[in-house]
Amino acid sequence: AEVIGEAHFGFIPAKQSVQFEFGFAEVVVIILFLSGILAVKRKISYKAQLRFITQAAGLLVIGFWENSPISMVKITSFLLGYIPSLYTGFYWYLLLGGFVFSILLTGRNIHCRYVCPFGAMQRFTGLIGGADKSLPTAMALWARRIRNLLVISLLFYAFLSNNAGIAGYEPFGTAFTLNGTVLYWLLLVTVLTSSLFLRNPWCHYLCPIQSIAELLISVRRKLESLLSRNGNGEKTREI
């Protein structure tokens, strides 16, 4: 009705005011990233206890409360240009911004270690089963290669079809809402069962977010190396 009125009768609808959304979840995200950065950058006591608390908070708030962890679908949506409003999507700017900024600042994957709710779910499952094993080195290497190839393939297909939904295969929705297809349930049960005796199997061998984190860490190291060479060259010329 408003479109017809505006087009044919010159009616100008009253603009609806959009309120800036900043609440409990946003505060928790900020605290979690700052805690992780502090734990990495400073020598503090009770670091293990701090990580336990941040992971528990991430599991409860980002996982079960918001049901909005970082996912490949969200990252791909940003890359495709589907940018949420700063007013209503500030939570996502904090989560994705914290993910990228904390890696560039510290060179460590703060998000997956201190913030990610699914990583926390695996860790707490591992505490039940006493998870103390990892895959053999060669097998782990191939698992990561396959994961990276899968991520690249899905991203390519998502960009080709302009469909961000293709890029995601994480069982997060099933884990935190208990809803999902049979395939997602099978994946979730397999991961959680494996996490009883393997240390964070999803994070180490399957998670697409880990691939993005490794890429950002590699970029940071190359920038550090470049800046270091430039700095040494300038000092040499001055001498």
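Visitor: Why is Lys133 called partly exposed?

Guide: Its relative accessibility is 48%. Buried means under 20% relative accessible area, exposed over 50%, and partly exposed in between (1.4 Å probe, protein chains only), so Lys133 lands in the partly exposed class. A word on the ground rules: this is a predicted model, where local features need pLDDT of at least 70 and side-chain atom pairs count only at pLDDT 80 or more, while totals for chains, interfaces and linings use all residues. Residues are numbered from 1 along each chain as its sequence is written, and side-chain values use heavy atoms, with hydrogens and water left out.

Visitor: What makes Lys133 and Asp132 a salt bridge?

Guide: The rule asks for a side-chain nitrogen of Lys or Arg within 4 Å of a carboxyl oxygen of Asp or Glu. The closest N and O atoms of Lys133 and Asp132 are 3.4 Å apart, so the pair qualifies under that rule. Asp132 is partly exposed too, at 48% relative accessibility.

Visitor: How many salt bridges turn up by this rule?

Guide: The count comes to 3. One of them joins Glu214 and Arg147, at 2.9 Å from N to O. That pair links distant parts of the chain: Glu214 is in helix α12 (residues 208-238) and Arg147 is in helix α8, 67 residues apart. Another pairs Glu224 with Arg220 at 2.8 Å; both lie in α12, 4 residues apart, or about one turn of the helix.

Visitor: How do you know whether Arg147 and Arg220 are buried or exposed?

Guide: Their relative accessible areas tell you. Arg147 has 2%, so it is buried. Arg220 has 16% and is buried as well.

Visitor: Why are Phe20 and Tyr87 called edge-to-face?

Guide: A search of the whole structure finds 12 aromatic pairs. Phe20 and Tyr87 form one of them, with 6.1 Å centre to centre and 80° between the planes. Rings of Phe, Tyr and Trp (its six-membered ring) pair if their centres lie within 6.5 Å; planes under 30 degrees apart are stacked, over 60 edge-to-face, and the rest tilted.

Visitor: What makes the charged end of Lys74 sit over the ring of Trp92?

Guide: The test is that NZ of Lys or CZ of Arg lies within 6 Å of the ring centre and within 35 degrees of the ring normal. The charged end of Lys74 is 4.7 Å from the centre of the Trp92 ring and sits over it. Arg145 does likewise over Trp142, at 5.0 Å.

Visitor: How do you know how the span of α2 compares with the expected one?

Guide: The expected span is 1.5 Å times one less than the number of residues. Helix α2 (residues 24-41) has 18 residues and reaches 26 Å from its first C-alpha to its last, close to the 26 Å expected. Its buried residues include Val28, Leu32 and Phe33.

Notes: Helix = DSSP H or I, 4+ residues; strand = E, 2+ residues; numbered from the N terminus.
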